[in-house]
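Here is a short report for a first look at this structure. Please keep the sequence and the 3D view open while reading.

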Amino acid sequence: MATRQTRALGKIAVAPSVVFLLMWMAIPLAMTIWFSFLRYNLLDPNPACSLLTPGQLLDEANRCMAGWSNYKYFLTDPAFFRAMSNSLILVGWVLVISIVGGTLLALLLDQPFWGRGVVRIMMIAPFLVMPTVSALVWKNMMMNPVSGFLAYISKTLGLQPIDWFAHYPITAVVIMVAWQWVPFATLILLTSLQSLDEEQKEAAEMDGTPPLSYFWYIVLPHLIRPMTVVILIETIFLLNVFAEIYVTGTGGRAGNLPFLVYQYGLVSNDIGGASAGGIIAVILANIVAFFLMRMIGKNLEA
């Protein structure tokens, strides 16, 4: 009886938070779905559509209800396929750089050397920088073709400086985003390396195992699970990259799906089309998360 009363009181105590969270998520999602079926543009707003009254929404002229036309227009827009391609390129390359670079840095930071604690803090620092600040630093101080650090190195070596954002916009965005996410992968993989069985290390040293064989047969299998976690978390966040593209002005050639939704909503003022694009982006992100969760589940069961 006491257990039942405790559970009942616990549910009552948690109920306000659960209701608040559901409202926090459900109301914006419901409004986005609703506006995705409306023919609503901020440059030519229709008061009948904004009032959302059933009698005015279903008028004879059909001025408000767009049906599935917003979704059809968004999916058949040539910019959609370019945005999807850029999103996949961005996510794929950043994941490769994060996993490879994070593994190498984790192996390096796992070795004992003087000042290791300071180096670890410095390695994690880029992950704490805001994306907008990171984009401004890379745009003005690193990749500027006139006064940037990379331009200075090129001139020192007698090479022509590269205008990254004009000629290689996607590569520039990948470098900026990877610079922030490599420390995250390093932190997760370094933590996993520190939990490696000491007996295995000692046995490998006593047997004279070559470094590559030691990494391939002992370290890498131990890192598979944290790698899948890194891939899941980074993929979810990388699908929402926006600040780096917006701040550097590379949306014309390196624009991804979130940037396309921004163009629909705040550049073209097409609220209906932007809402449809947002719903499509949510569906695609959930599909990716579903398969990633299944992959992680299989690795955890193995």
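## A loop residue and its setting

Asn269 sits in the loop between α15 (257-267) and α16 (271-301). Helices here are DSSP runs of H or I with at least four residues, strands are runs of E with at least two, and both are numbered from the N terminus. The phi angle of Asn269 is near 60°, a positive value in a residue other than glycine.

The model is predicted, so local features need pLDDT of at least 70, side-chain atom pairs count only at pLDDT 80 or more, and totals for chains, interfaces and linings use all residues. Residues are numbered from 1 along each chain as its sequence is written, and side-chain values use heavy atoms, with hydrogens and water left out.

## Confidence

pLDDT is the predictor's confidence in each residue, from 0 to 100. The chain has a mean pLDDT of 84, and 91% of its residues reach 70 or more. Among the elements, α5 has the highest mean (92) and α3 the lowest (54).

## Buried or partly exposed

Buried means under 20% relative accessible area, exposed means over 50%, and partly exposed lies in between (1.4 Å probe, protein chains only).

| Residue | Relative accessible area | Class |
|---|---|---|
| Asn269 | 18% | buried |
| Cys64 | 0% | buried |
| Val14 | 44% | partly exposed |

Cys64 belongs to the loop between α3 (54-57) and α4 (69-76). Cys64 and Tyr40 are 24 residues apart in sequence, yet 6.8 Å apart in space, C-alpha to C-alpha.

## Cores

A nonpolar core is a set of buried Ala, Val, Leu, Ile, Met, Phe, Trp, Tyr and Cys residues joined through side-chain atoms within 4.5 Å. The largest one has 36 residues. Leu90, Val94, Val173, Val177 and Leu238 touch the most other members. Helices that each supply at least two residues include α5 (78-109), α7 (131-142) and α12 (211-238). The most come from α10, with 12 residues.

What does Leu90 touch? Its contacts (heavy atoms within 4.5 Å) are Val173, Val174, Val177, Leu238, Val241 and Asn256, not counting residues up to four places away in sequence.

## Surface

Val14 is found in helix α1 (residues 2-36).
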